[in-house]
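Student: Could you walk me through a structure, feature by feature? I would like the general idea first, then the case at hand.

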Amino acid sequence: MLVRIAPHIRSSEITPKRIYLNRRRFLASAAAGLWLARTPAHAEKLANLAKSPFSTSEKITPIEAATQYNNFYEFGTGKEDPARNATKFRTHPWKVKVEGHCNNPKTYDLDGLMKLAPIEERIYRHRCVEAWSMVVPWIGFSLAAVLKAADPTAKAKYVAFESFYDPSQMPQGRWAGIPFPYVEGLRMDEAMHPLALLCFGMYGETLPNQNGAPVRLVLPWKYGFKSIKSIVKIRFVEKEPPTTWNLANAHEYGFYSNVNPQVDHPRWSQASERRLGEFFKRKTLMYNGYGEQVASLYNGMDLRKYY
Ligand code: MTE
């Protein structure tokens with residue numbers, strides 16, 4: 001997704017070595033106990049998690065990879081920057097405003113938000129537009145629970161999301177080359193789909209800062225950049241809302257951004273992907289393998305036009 005990649009080198013060719021080297025570093029630091037030092041002090045166990053029928057039985061990506069190979073541009077554009085630069089990110093207290101075309105707008109604190117539905121563990125495939133992927137045991141509940149509690153009106157055709165942004169806590173964001181606050185959006189029926197997860201944790205604990213603490217989206221059938229982190233605003237709107245990567249480069253990133261191996265990124269193929277920790281590439285699946293659940297949302301749409 002980086003605009004800075006040299007045009008003659010495909011990102012899919014660069015990734016393996018970086019992942020390989022990073023992985024060696026993860027293992028070395030884990031062995032040395034350094035990984036523990038990076039875990040935020042306030043990480044809490046999330047117990048009594050219900051199992052989800054949406055979970056995959058595929059091998060889970062090691063926690064070190066999922067928490068130290070990140071995209072969170074507010075904290076820098078390097079894959080290891082978020083883990084390094086977000087350690088002091090203040091996520092308590094936290095408020096999430098639900099507003100716009102609804103009968104019951106409300107500002108939640110984190111505890112109130114988490115009480116809206118029982119939290120469960122969902123093991124999802126996560127496919128980045130950069131052609132790497134992982135399998136993560138996320139924790140949360142369907143976004144629909146919050147949306148329904150707000151009682152949206154007939155004018156609510158889309159849902160817009162906004163991330164927290166504070167340049168004093170996120171000085172690296174100034175050089176990221178994309179506009180902040182990070183914004184994302186979904187059509188109402190996508191947002192209401194049970195697979196759309198409002199996520200509070202991963203690997204049995206609350207979210208690490210670099211993964212979008214304290215609350216983010218996880219949309220497993222879409223490229224990872226739709227899964228907006230550190231959410232502070234959820235707004236019901238009438239028109240398709242602006243989205244950060246589309247604002248940054250409309251030619252390369254569309255509003256829908258469903259995982260689609262048949263529609264290449266202008267600079268690289270989307271036909272295959274590299275699972276973090278694996279050497280050989282694997283084929284990318286339509287809707288990242290969630291077609292049975294979500295394909296009907298896009299019936300009759302030209303997926304080359306609505307990319
Ligand atoms: N949310 C915000 N606020 N800022 C970001 O830079 N990056 C996106 C998405 N959400 C991003 C974000 C991208 S490109 C991806 S692939 C995923 O977060 C990465 O999530 P992970 O680091 O937990 O794997």
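Student: In which loop is the place of Pro181?

Tutor: First, the ground rules. This is a predicted model, where local features need pLDDT of at least 70, side-chain atom pairs count only at pLDDT 80 or more, and totals for chains, interfaces and linings use all residues. Residues are numbered from 1 along each chain as its sequence is written, and side-chain values use heavy atoms, with hydrogens and water left out. Helices (H or I, at least four residues) and strands (E, at least two) are DSSP runs, numbered from the N terminus. Pro181 is in the loop between β6 (158-163) and β7 (183-187). A cis peptide bond joins Phe180 to Pro181, with omega about 0 degrees.

Student: What kind of peptide bond joins His92 and Pro93?

Tutor: A cis bond, with omega about -5 degrees. Pro93 lies in the loop between α4 (81-85) and β2 (95-100).

Student: What is the phi of Asp151?

Tutor: Phi is near 55 degrees, a positive value in a residue other than glycine. Asp151 is found in the loop between α6 (144-150) and β6.

Student: How many cavities of 30 Å³ or more does a search of the whole structure find?

Tutor: The idea first. Rolling a probe the size of a water molecule over the atoms shows where empty space is left. A cavity is a set of points, on a 1 Å grid over the protein atoms alone, where a 1.4 Å probe fits but cannot get out; lining residues have an atom within 4 Å of a point. Points are joined across faces, edges and corners, and volume is the space filled by probe spheres set on them. The search finds one cavity of 30 Å³ or more. The largest cavity has a volume of about 290 Å³. Of its 23 lining residues, Asn71, Phe72, Gly224, Phe225 and Lys229 are the closest to its centre.

Student: Where does the ligand sit?

Tutor: In the largest cavity; the test is that more than half of its atoms lie within 2 Å of the grid points.

Student: Which residues come nearest to the ligand?

Tutor: Near means a heavy atom within 4 Å. Of the 18 residues around the ligand, Asn70, Tyr73, Glu74, Arg216 and Lys229 come nearest. Polar contacts are pairs of N or O atoms within 3.5 Å. A polar side-chain atom of Lys229 lies 2.7 Å from a ligand oxygen. A ligand nitrogen is 2.9 Å from a side-chain N or O atom of Ser163.

Terms used:
1 Å grid on protein atoms, 1.4 Å probe; cavity = no way out; pocket = protein on both sides within 12 Å on 5 of 7 lines; lining within 4 Å. Polar contact = N/O pair within 3.5 Å; in protein donor to acceptor, adjacent residues only side chain to side chain.
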